[in-house]
Amino acid sequence: MSRVMVSMWGFALAATAFAAPAFAQEDPAKKTQTAKNFWGVSAEKLEYRYSDSDEELAVIEGDAYYGTDELKFRWLFAGEWEEAHNAWETLENQFVGQVPVDDFWDAKAGVRIDTPEGPDRVYGVLGLTGLAPYWFEIDTNLYISDEGDASVDFEAEYELLITNYWIVSASFESLVAFSEDQEIGVGKGLNSTEVGLRLSYDLIDRSLAPYVGVVYERKYGDTADLARDSGGSTEDWFAVVGARVMF
Amino acid sequence: MNKRLITGAFALLMPVMAWAGEYDLTVDRVTIDTGDFKKQGIGYNGASPGPVLKFKEGEDVVINVTNNLDEMTSIHWHGLILPFEQDGVPGISFPGIAPGETFTYRFPIVQAGTYWFHSHSGFQEPNGAYGAIVIEPEGREPFRYDRDYVVQLTDKHPHSGDRIMRNLKMSADYYNRQQQTVGDFFDESGEKGFVATLRDRMMWGDMRMMKADIEDVQGFTGLINGKGPEQNWTGLFKPGERVRLRFINSSAMTYFDIRIPGLKMTVVQADGNNVRPVSVDEFRIGVAETYDVIVHIRDEEAYTIFAESMGRSGYARGTLAPSEGMVAAVPELRDAPMLTMADMAGHMDHGDMDHGSMNHGAMNDDTMDHSAMNQESMNQGDMDHSAHGGGMPEDPFYASGSGLLPTASNGGKFLSYADLRAQSPLFEEREPTREIEMRLTGNMERYEWSINGIKYEDADPIVLQYGERVRFKFVNETMMTHPMHLHGMWSILDVGAGKWNPIKHVISVAPATTVYMETEVDAPGEWAFHCHLSYHAASGMFRKIVVEGGPDSSVAEGEQSGKQGGES
């Protein structure tokens with residue numbers, strides 16, 4: 001049922017984007033004088049994490065896009081590689097279409113495929129991403145899994161310029177589930193929060209910015225119980241070192 | 001080939017007759033060395049900038065352009081009045097010049113002055129495809145000089161045009177390294193108080209706009225005639241001479257504030273047309289504009305030509321010297337200006353922010369209206385003296401309280417559009433037949449630029465009738481400055497001087513201002529009209545203009561321009 005919904009969202013999105021501008025009069029200069037299609041690849045996080053309980057994680061979070069001002073196709077990827085188990089603790093790939101809905105906000109719709117060590121999940125995604133007043137970058141998504149479970153994540157990031165090259169970025173992430181999915185360790189209610197503080201330096205333009213930082217992760221309620229049951233921790237401090245890349 | 005030989009021989013034999021000057025240009029891959037970095041780019045006849053093309057008013061020119069690139073190219077003759085098929089805009093004037101092809105441009109030279117040429121394909125112009133045009137007048141000029149130099153400026157960037165466009169789309173502030181920092185916050189708190197500074201940041205943060213958003217693309221090296229500040233382009237003179245400097249701003253994105261410490265400059269020409277001489281200490285040159293100035297140099301000394309970018313993120317430097325190797329001191333860059341709420345006024349449609357200078361009603365009144373501009377404290381009745389009026393300087397071409405309002409570094413006279421008067425009007429003064437409003441619009445965060453909220457790709461052409469006199473009303477609703485360029489027909493800038501209004505080809509419109517220009521629609525065909533900031537034009541701040549009617553254009557133009565297709 002949810003897979004049908006996913007494709008319906010995708011279709012509706014594509015239809016809006018293509019139907020909007022009626023073809024104005026044929027004018028070949030529109031091609032020669034306009035830059036229309038763009039692409040970009042970036043990784044907001046490409047880092048190594050050392051926890052206070054000697055856990056070591058490699059974390060990647062980034063995206064690649066291709067498209068126009070009106071419609072972008074975006075592939076978002078995120079993964080946590082656990083050194084001890086030699087395995088992906090989390091591994092997400094999202095494929096979404098993205099359209100502007102306001103001066104500062106884009107809507108996203110598509111599909112998310114999780115293939116970590118352990119059970120896989122496929123989700124339909126409906127999201128909102130953009131810039132809130134006072135320069136907070138916001139990204140929030142509603143997910144509905146192929147098991148019929150719904151969850152919402154929320155991310156906010158703020159950059160503080162120490163100088164125009166030294167930048168402190170503060171981030172907050174949270175996940176709330178509307179129903180339990182015990183198999184993948186998701187409890188009902190507030191699942192987890194992650195707070196990060198990273199100090200970066202723009203080494204080559206904005207293409208490469210190495211950083212160091214700290215991250216605090218916490219699990220709550222049923223999710224915390226599930227984590228404890230499987231021998232995991234519910235609260236972790238990490239020291240992180242990594243780089244932000246953008247091409 | 002044969003034809004060229006014959007033409008050449010003919011020219012040799014009959015030097016006095018009106019003759020067809022024949023010119024050859026090749027479009028080549030070149031290496032550009034700015035002194036700061038070396039970069040592959042595009043040039044003409046093996047160099048960037050290309051050669052200075054010297055034409056004579058009244059001659060018919062034949063220009064053979066050979067494309068040695070592996071992509072399409074084109075040359076637009078910026079500011080020249082010519083048949084539209086010769087204007088060089090791919091998709092509007094002609095299909096463009098294919099790789100390996102030689103395209104022959106043919107047109108009569110019907111004007112004199114300083115102009116330039118550049119590619120109108122992709123980002124070839126920012127990548128180096130530009131050169132200068134100097135047209136010698138038929139008659140005597142109303143000023144005299146002993147020698148002249150082209151001073152062609154550009155903002156050469158280590159990134160290619162495509163890469164810059166892509167980066168701006170990914171992150172509009174990609175190149176902005178003048179953003180306000182924590183340190184600035186505390187410095188300002190010390191001066192103005194913590195609460196006031198916080199409120200200021202909150203106000204801008206609420207709009208998601210940056211005060212430091214003056215130059216979209218920083219990190220360039222300013223070049224004069226292809227030479228970086230260290231390479232120091234030098235023009236020689238003999239003491240006592242009057243030297244005419246033909247300033248051309250061929251930048252992709254950068255406005256320059258130009259001065260020559262120790263010398264007064266007499267502005268005699270703007271955009272190729274003579275103006276009544278104005279003596280200034282400094283002037284701002286918009287992208288794609290030209291200004292000719294004359295300096296009278298008495299002493300046997302070197303002088304620095306110093307061109308600071310409007311946002312003070314870079315500069316170009318050259319030298320005027322009595323002998324090679326002599327140099328003068330190079331000034332420091334002044335502090336970067338910051339936009340104010342006044343510059344933002346056009347942007348806000350809901351504005352009821354409690355800021356003194358943000359009288360929305362006054363902002364919407366056009367700045368050319370004398371009563372509107374004078375109601376703001378100043379008592380100058382005449383625009384000529386606007387910059388001398390003591391107290392806070394005012395310029396009707398900037399929003400009242402604008403952070404961009406320039407001042408001369410020596411406290412002297414800074415040129416304003418309001419100072420410009422045509423030396424000899426080209427057209428009869430008459431009432432415009434209609435007015436066309438063009439709101440200059442955009443979304444800085446997304447790096448989208450448009451006219452009346454519509455990007456070129458979604459817009460219908462603007463249709464004008466031959467014989468009309470159209471009054472264009474530019475309302476800048478963005479916080480960027482846009483140099484608007486109409487191809488093929490003159491732009492008569494309304495400075496409130498009636499028949500003496502100056503005649504230009506680029507009209508710079510500062511944030512939150514309204515500027516009028518009038519155009520005598522005297523050129524049939526299809527023309528381009530756009531913001532001359534390369535990445536604004538390519539983002540959609542562009543229109544096609546169609547001029548309907550007029551003398552049977554296909555016959556009349558065809559006769560003058562020869563074959564229209566790609567002649568190879």
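Helices (H or I, at least four residues) and strands (E, at least two) are DSSP runs, numbered from the N terminus.

A word on what you have loaded: this is a predicted model, where local features need pLDDT of at least 70, side-chain atom pairs count only at pLDDT 80 or more, and totals for chains, interfaces and linings use all residues. Residues are numbered from 1 along each chain as its sequence is written, chains are lettered from A and ligands numbered from 1 in the order in which they are written, and side-chain values use heavy atoms, with hydrogens and water left out.

After H3(A) comes A:Gly231, with a positive phi near 80 degrees.

Hop over to chain B and select its own H3, residues 182-192, with B:Phe185, B:Glu188 and B:Ser189 buried. Down the axis of H3(B), the buried residues fall within an arc of 110 degrees, so here too they line one face of the helix. Helix H4 (194-207) of chain B is included in the cover over the buried residues of H3(B). At the N-terminal end, B:Thr181 caps H3(B), a side-chain oxygen lying 3.3 Å from the backbone nitrogen of B:Gly183. B:Gly193 follows the helix, its phi positive and near 100 degrees.

Last stop, the interface: select 47 residues from chain B and 43 from chain A. Between the chains, seven salt bridges are counted (a side-chain nitrogen of Lys or Arg within 4 Å of a carboxyl oxygen of Asp or Glu). Zoom in on A:Glu70 and B:Lys455, whose side chains meet in a salt bridge at 2.7 Å, N to O. On chain B, the elements giving two or more residues to the side that touches chain A are H2 (161-170), H3, H4 and strand S30 (542-548). H2(B) gives the most, five residues.

Methods
Buried means under 20% relative accessible area, exposed over 50%, partly exposed in between (1.4 Å probe, protein chains only). The arc is that of the directions from the helix axis to the C-beta atoms. Contact means heavy atoms within 4.5 Å. A polar contact is a pair of N or O atoms within 3.5 Å; within protein, one must be able to donate a hydrogen and the other to accept it, and residues adjacent in sequence count only if both atoms are side-chain atoms.
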